[in-house]
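Please review the model below.

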Amino acid sequence: MLISVRFHGRGGQGAVTASKLLAEAASLEGYYGQSMPFFGAERRGAPVVSFTRISDEPIYEMSQVYHPNIVVVLDPLILKAVDIFRGVKEGGTIVVNTTKAPDEFVFDQDYLNIVSVDATGVAIKNDLLVAGLPVVNTPMLGALLRADIPLKIEVLEGIVRKKFGKEGKRNVKAIKEAYELASIKLVHGSGKRSYPRKKKIKVEFPISTPAEGVAGKTKLWRDFRPEIDYEKCNDCLNCWIHCPESAIRLNEHVEIDYDYCKGCLVCTTVCPKKAIASEREVFVDV
Amino acid sequence: MKLSEMEREEYVLPGNTSCHGCPSTVALRTVLKALEGNAVLVIPACCTSVYMGPFPNSAIKVPVFNTAFASAAATASGIKASFEHQGKDTEVVVWAGDGGTYDIGLQALSGAAERGEDILFICYNNEIYSNTGIQRSGATPYGAWTTTTWKGKREHKKDVSELMLAHGVPYVSTASIGYLKDLYEKVKRAREIRGFRYIEILAPCPPGWRFPMDKTIKMGKLAVESGMWILFESIEGEFRFTGVSKSIAEGRRKMKDLEEYLLSQGRFSHLTAREIAEIKKYVIKKWEKLARLVEGEVDAVTAKFYV
């Protein structure tokens, strides 16, 4: 069982708090709860979105909720700014703070449960005002319990009491009133919902394989040609370890690979026996 | 250790597109030999991501992950986490230039060091952005010419190896291209330690520093001998000088004249006596600062606070 809830509201109405309270209530009931707000340029009055997930198994999904079962709309006017029906699963529930009748909503799903409640009215009646604005989050949580959600109203009330302290009493009253007031109705939509088809994208990671001579035979870079005098050489391997090009091979003795030697002459300077001399390179075969 | 005991397998293949006398290839060869090829390289934008060659081939014989400039240490943290999950003991090595360490990569480096990610971060420091055509970096020393400081840089370099000491990571060391055995052994020791490890290699760049291509190794030696580059190692907070720097610190060896190092490079050829004196002052200050970290001296300092 995974219930995902999306809250729409405006900054100041308490959508983020409601989302948190719901997750807390769920974890008190023994479920796993998760809550996160959508971070944008939120300020008072701007549309905000927040998400809650409730599950009986650990929740590993950490993304936003794109296909909610339940949408809670704290502000009736937000309908004009945001598409609240977007991505809602068939047969899902929309809990909306409105004075309109449930039938008046138009959506693309086949059918949805619409829970309508005049939460603003409940908030004003119970004096839930902050800076003159009705805060509808707790009444909306009460209405939310009408949806198919396995939470007891007492648990929610307990959490709200703890969270709001002195204000808890009024909030709890608002929850109860909104729960009683809310009506749920199955509403048919247009059913024109078009599922965007997932494009199959073939991804191939470019993986390079190791090879000698990625720049070709780098002998052509050479102006000077180092030559090892094997009579002086005592196989100390200094030229081998210091060669920037890995162009000195270790066979029986050190040997310069003239296909790749770029002629930087580092080997001539590191040889303690001065056994490597250099001369002008003259290519005959190129 | 003898050179003949070193790993013989080549992990940087010949025919790559590095410049003549490139210090980075020498250092990378040595590092991968020390790790015996059991490594994954994470390479942000730098010379190495260019000289390893274009798709579909690579001049490096271990897996390489090319990543964005700013995120090398973060990428390596992720790869290491995946290896831990799979139970693989492969070393994840960040191979970054000084741009990817000192400037653009610093926040990811600092973050990974603070989280104690089990990765080996190696900075090959040529003190410039050489890949893009010799611009100044945070590692460019005072007075050095670059295409963006054409009258000589006016600021001293910052020192990320000291910054790593301050992070308190289990392993920090510096190495120079002039002493590859020392580098080899340091990588071996770093491999034994778990947690965040940082090695910084001085990589004198012939085109960027304006010196003949065959002098790469000599310049690496000269930098240490003149005291301009200090070799040290700090294992679990125990700081010590190593190699030639140790002999210098213990007074067994005289520092070579700084001018010999500076004036053999075209980038310092315009320096005045006053500027050389300024660099000298900086070098001496640095030595004094690091010498205080050696055990014994530090104890004497902390003792004053805990009477």
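The report starts with the basis of the model.

## Basis and confidence

This is a predicted model: local features need pLDDT of at least 70, side-chain atom pairs count only at pLDDT 80 or more, and totals for chains, interfaces and linings use all residues. Residues are numbered from 1 along each chain as its sequence is written, and chains are lettered from A and ligands numbered from 1 in the order in which they are written.

Helices (H or I, at least four residues) and strands (E, at least two) are DSSP runs, numbered from the N terminus.

## Chain A against chain B

Contact means C-beta atoms, placed from the backbone, within 7 Å. By that test, 33 residues of chain A touch 34 of chain B. Strand E10(A) (209–210), H6(A) and helix H7(A) (266–270) each give two or more residues to chain A's side. H7(A) gives the largest share, 4 residues.

E10(A) runs parallel to strand E2(B) (residues 57–58), joined by 2 bridges. DSSP pairing takes at least two bridges. A:Pro210 has B:Ser58 as its bridge partner.

## Helix packing in chain B

The axes of H3(B) (residues 72–86) and H5(B) (residues 106–115) come within 6 Å and cross at roughly 40°. H3(B) contributes B:Ala72, B:Ala73, B:Ala74 and B:Ser77 to the contact. H5(B) contributes B:Ala108, B:Leu109, B:Gly111 and B:Ala112.

How values were computed. Two residues are in contact if their C-beta atoms, placed from the backbone, lie within 7 Å. Axes are lines fitted to C-alpha atoms, for helices over the stretch in contact, and angles run from 0 to 180 degrees between N-to-C directions.
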